[in-house]
Amino acid sequence: MISMSSKTKPLRRLRASSAHNKPSQTQQLNENQKKELKEAFELFDTDNSGTIDMKELRAAMKALGYDAQKEELKKIRFELDKDIGDEINFEEFLEIMTGRICK
């Protein structure tokens with residue numbers, strides 16, 4: 001189990017930016033949302049390798065308010081399987097979370 005130090009701010013569920021809710025626009029995260037995702041990724045990248053495994057991904061998603069079940073994680077892994085194995089980097093994490101936040 002990963003514990004957060006008392007210095008760490010609690011993570012909150014990110015919401016889509018209202019500036020990007022027009023159906024004709026490609027939905028993207030704003031800079032603040034990207035920064036928060038980077039902080040969450042780094043929090044769960046406990047070995048500072050630049051990657052997190054699927055267990056850490058699930059924990060990070062849960063901390064951000066997205067409780068991904070095993071089946072959803074299998075689907076994510078299948079959709080991103082460009083040769084990632086069991087590890088994902090920040091860019092892949094950003095791709096995963098953008099799809100959930102901008103729904």
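**Salt bridges and a nonpolar core**

Lys38 and Glu42 bring their side chains together in a salt bridge, with 3.8 Å from N to O; the term covers a side-chain nitrogen of Lys or Arg within 4 Å of a carboxyl oxygen of Asp or Glu. Keep in mind that this is a predicted model, where local features need pLDDT of at least 70, side-chain atom pairs count only at pLDDT 80 or more, and totals for chains, interfaces and linings use all residues. Residues are numbered from 1 along each chain as its sequence is written, and side-chain values use heavy atoms, with hydrogens and water left out.

Back to that pair. Both Lys38 and Glu42 sit in helix α1, four residues apart, or about one turn of the helix. Helices here are DSSP runs (H or I, at least four residues), as are strands (E, at least two), and they are numbered from the N terminus. Lys38 is partly exposed at 33% relative accessible area, and Glu42 is partly exposed too, at 46%. On this scale, buried is under 20% relative accessible area, exposed is over 50%, and partly exposed is in between (1.4 Å probe, protein chains only).

Helix α1 also holds Lys34 and Glu31, three residues apart and so separated by about one helical turn. They form a salt bridge as well, and their closest N and O atoms are 3.7 Å apart. Lys34 is partly exposed at 29% relative accessibility, whereas Glu31 is exposed at 60%.

Now for a longer reach along the chain. Arg100 and Glu72 meet through their side chains in a salt bridge, 3.0 Å from N to O. This one links distant parts of the chain, with Arg100 in helix α4 and Glu72 in helix α3, 28 residues apart. Arg100 is buried, at 18% relative accessible area, while Glu72 is partly exposed at 29%. Searching the whole structure turns up four salt bridges.

Next, the nonpolar core, meaning a set of buried Ala, Val, Leu, Ile, Met, Phe, Trp, Tyr and Cys residues joined through side-chain atoms within 4.5 Å. The largest one has 24 residues, and those touching the most other members are Leu37, Leu57, Met61, Phe93, Ile96 and Met97. Two or more residues come from each of α1 (31-44), α2 (54-63), α3 (70-80) and α4 (90-101). Helix α4 gives the largest share, six residues.

Leaving aside residues up to four places away in sequence, Met97 touches Leu37, Met61, Leu64 and Tyr66, where contact means heavy atoms within 4.5 Å.
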